[in-house]
Amino acid sequence: MRIDNSKAKELRQDFPIFSSRKNLVYLDNAATTQKPEAVIDAISDYYKSSNANIHRGVYKLSQEATEKYEASHKQVENFIGAGNNEVVFTRNATESINLVSYGFDRTFKGKNDIVLTEMEHHSNMVPWQQFAKRNNLRLKYIRVKEDFTLDYDDAEKKITDKTAIVAASHISNALGTVNDVKMICSLAAKSGALSLVDGAQGAAHSEVDVKSIGCDFYAFSGHKMLGPTGTGVLYGKKELLEAMAPFNFGGDMISKVTYEDAEWNSIPMKFEAGTPNISGGIALSEAIGYLKKAGMKSIERWENDLLKYAMENMKNVKKYNPGLGKSAGILSFNLDNVHAHDVASILDMHDVCIRGGHHCAMPLMNKLGVAGTARASFYLYNTYEDIDMLVKGINEAEKVFRR
Ligand SMILES: Cc1ncc(COP(=O)(O)O)c(C=O)c1O
């Protein structure tokens, strides 16, 4: 499918929120996306006609729910090029990253450090800070250059045979930068370090093939890619998931329990203790079906067109973006001497939703010397008219604060 402005308008009709809020200009897609009717229906259909707990009942209803939930794992595996049983469902990208950080506690011998990048979201930083404390490791950060891209020479210097884990974002939620994660994962592999890609923005905005990236782990959230909140994914290489210790203990994740001890179930159940978000997991499959129909390449191209249009039309703002070809459809900006929250509040008066703040990247904001930025982030249903409204709102904010 080729997405252009009229196709985007057509796609919009699949999203009920745009019918119930006619003037809504939703440009906070990096935070969470809107949901198509098919996803909303999948949730209610599950409760209306398939509701039962999974993996437990011998009766048909339970078996049907189990089959749908397991089929959704397959759909996700197929979407990111993973192999059989290499996908674990979690609540969100944050939980996926925590799962890995706890799973490898006390397993590193002769290692000194963990390498992250200066543009990480707190979700791919704070778990590693805690991991470093628990495991007596040092944190190192790959530098972000003035042009908002990563310094790959610095990456080569910092990733060494003393590195335990390299964790880097695929696409920065704060800058839009698309990182060369293939290269970073290859440096990690050459040094004998584990690699984790934070794909919270990656899987939503680009075509992902985990085998071609060469990562050991890839973490992402369903709600940032048309799926329900409370759905997340951890991809891991089969042998690493086998080696990794579980993090939550209880029902479903065991194969045998005695009064003294327990043995673990196969993957993914080993990491999915307790009753999961069954309706959410099933609906995530619908979200992926929708994205596949639109085509990830087409979505990437359309976001790029929208970014180009926004860059050309947002003239009087300072942009924190590496530029076309190096960025996904995420544009951070500031008006001189105006707080990002004030810009976002003025835009909200026109029903334009953007994010203003530190974007869960406080250390990066400190490095950039700003309290925060305003951020517009696009998706397949956004149009040039949405950006016109954004520009109109920015011009108005300028007038208000320049008076
Ligand atoms: C790059 C990145 N990593 C991680 C996260 C965390 O995602 P979640 O809140 O769904 O766990 C986000 C959310 O904004 C993100 O943009």
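The axes I will quote for helices are lines fitted to C-alpha atoms over the stretch in contact, and the angle between two of them runs from 0 to 180 degrees, taken between N-to-C directions. This is a predicted model.

With that in hand, take helix H3, residues 37-50, and helix H12, residues 278-294. Their axes cross at roughly 145 degrees and come within 8 Å. The crossing of H3 with H12 is right-handed.

Which residues make this contact? On the H3 side they are Ala38, Val39, Ala42, Ile43, Tyr46 and Tyr47. On the H12 side they are Ile278, Ser279, Ile282, Ala283, Glu286 and Ala287. Sorted by class, the contact between H3 and H12 has 10 nonpolar residues, one polar and one charged.

Now the ligand. How many residues surround the ligand? There are 13, and the closest are Thr94, Asp198, Ser221, His223 and Lys224. By class, the shell around the ligand has eight polar residues, three nonpolar and two charged.

Asp198 has a side-chain N or O atom 2.5 Å from a nitrogen atom of the ligand. For Lys224, a polar side-chain atom is 2.6 Å from a ligand oxygen atom. For Gln201, a polar side-chain atom sits 2.7 Å from an oxygen atom of the ligand. As for cover, the ligand taken alone exposes 390 Å², and the protein buries 88% of that.

Conventions: Residues numbered from 1 in each chain as written. Predicted model: local features only at pLDDT ≥ 70, side-chain atom pairs only at ≥ 80, totals over all residues. Heavy atoms only, no water. Near = heavy atom within 4 Å. Polar contact = N/O pair within 3.5 Å; in protein donor to acceptor, adjacent residues only side chain to side chain. Areas by Shrake-Rupley, 256 points an atom, 1.4 Å probe, with all protein chains shown as cover. Nonpolar A, V, L, I, M, F, W, Y, C, P; charged D, E, K, R; others polar. Helix = DSSP H or I, 4+ residues; strand = E, 2+ residues; numbered from the N terminus. Left-handed = near helix turned anticlockwise from the far one by under 90°. Contact = heavy atoms within 4.5 Å.
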